[in-house]
Amino acid sequence: MKPIERTLDDILGSIGKRSPDIPGSTASILAGLMGLSMAKMSVLVSSHPTNDPCLYAAVEKIDRLSGDLLQAAEQDRTNFLNYMEVLRDRCAVESERAYVSALREAESRATVQPLDAARLIVEALEHLNELSSSVDHSVASDLHAGAAILNASFAGIIMAVKINLEPDRMVDLHQHTAEIRAELAARRDTAFAALKRAAAQQDFQY
């Protein structure tokens, strides 16, 4: 069953146990989806999108990012379950070399997907920064709360990526993704700093 089709109790139960079937990276992506939904609400309350073409386009972009994040969450969980299956099936693999190869491939998939989700989170933060001045003060707290959740989502995703890259067998992927990770972190920092300044202008503090 897809994460979005499960109840909240089921999702929380699947995360908070010794052997979760929803990993931390997927949980972080799902949290980001909630933050993006809060921001969408603040935009919709501020003005009816049918009366404002720019606002309509902004909501469409939020919907696109939400759809892409949902797909990323589903694929991330699939990759995690595949990785766990490789760990369980060690004895069934013909040789240690074949096992290490299968393990590395599974870990690579479980690392690249969260990085793509992190890129989407950064795009979302940049988009909310563009919208922050258009949101009515009465719901600005929801946009900024959503941005704060997205920021935490990014941190959780990147932490999961870092753990995946620590084994020696992942050194080449660690090097290959170093520039991507640095760029995403810099973009996140820039967008979030701007959002914090915008919040302060409305007397909100992150």
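Predicted model: local features only at pLDDT ≥ 70, side-chain atom pairs only at ≥ 80, totals over all residues.
Visitor: What elements does the chain have, helices or strands, and how many?
Guide: From the N terminus on, the elements follow one another as α-α-α-α-α-α. There are zero strands in the chain, and the number of helices is six.

Visitor: Which parts does the pair of Lys40 and Asp63 tie together?
Guide: The side chains of Lys40 and Asp63 meet in a salt bridge, with N and O at 2.6 Å. Lys40 belongs to residues 24–46 and Asp63 to residues 53–88, so this pair links parts that are 23 residues apart in sequence, namely helix α2 and helix α3.

Visitor: Is Lys40 buried or exposed, or does it count as partly exposed?
Guide: A residue is buried under 20% relative accessible area and exposed over 50%, with partly exposed in between. Asp63, the partner of Lys40 in the salt bridge, has 37% and is partly exposed. The value for Lys40 is 24%, which likewise falls in between, and so Lys40 counts as partly exposed.

Visitor: How many residues apart in sequence are the parts that Arg64 and Glu123 tie together?
Guide: Arg64 forms a salt bridge with Glu123, and their closest N and O atoms are 3.5 Å apart. Since Arg64 sits in helix α3 and Glu123 in helix α4, which covers residues 96–131, the separation in sequence of the parts tied together is 59 residues.

Visitor: By about how much of the helix are Arg119 and Asp116 separated?
Guide: The side chains of Arg119 and Asp116 meet in a salt bridge at 2.7 Å, N to O. Arg119 is partly exposed at 32%, and Asp116 is also partly exposed at 32%. Both residues belong to helix α4 and lie three residues apart, so their separation is about one helical turn.

Visitor: Which residues do salt bridges with shared partners join into one network?
Guide: Through salt bridges that share partners, one network is formed by Arg64, Asp68, Asp116, Arg119 and Glu123.

Visitor: How does α4 run relative to α5, roughly parallel or roughly antiparallel?
Guide: Helix α5 covers residues 137–165, and α4 packs with α5 at an angle of about 160°, their axes being 9 Å apart. Angles over 145 degrees fall into one class, and so α4 and α5 are roughly antiparallel.

Visitor: Into how many nonpolar, polar and charged residues does the contact of α4 with α5 divide?
Guide: The residues of α4 that meet α5 include Leu115, Ile121, Leu125 and Leu128, while those on the side of α5 include Leu150, Phe154 and Ile157. Taken together, the residues of this contact divide into 19 nonpolar, four polar and no charged.

Visitor: Which residues does Leu120 touch, not counting residues up to four places away in sequence?
Guide: Leu120 is placed in helix α4, and with a relative accessible area of 3% Leu120 is buried. Leaving out residues up to four places away in sequence, the residues touched by Leu120 are Leu65, Asp68, Leu69 and Ala72.

Visitor: With which residues is Leu87 in contact, leaving aside its neighbours within four places in sequence?
Guide: Leu87 has its place in helix α3 and counts as partly exposed at 32% relative accessibility. Although Leu87 and Leu103 are 16 residues apart along the chain, 7.3 Å separates their C-alpha atoms. Once neighbours within four places are set aside, the contacts of Leu87 are Tyr99 and Leu103.

Visitor: What percentage of the residues of the chain count as buried?
Guide: The C-alpha trace of the chain spans about 65 × 35 × 30 Å along its principal axes. The chain has 206 residues, and the part that counts as buried is 41%.

Technical notes: Residues numbered from 1 in each chain as written. Heavy atoms only, no water. Salt bridge = Lys/Arg side-chain N within 4 Å of Asp/Glu carboxyl O. Helix = DSSP H or I, 4+ residues; strand = E, 2+ residues; numbered from the N terminus. Buried < 20%, exposed > 50% of the residue type's maximum accessible area, 1.4 Å probe, protein only. Axes fitted to C-alpha atoms, helices over the stretch in contact; angles between N-to-C directions. Parallel < 35°, antiparallel > 145°, perpendicular 65-115°, else oblique. Contact = heavy atoms within 4.5 Å. Nonpolar A, V, L, I, M, F, W, Y, C, P; charged D, E, K, R; others polar.
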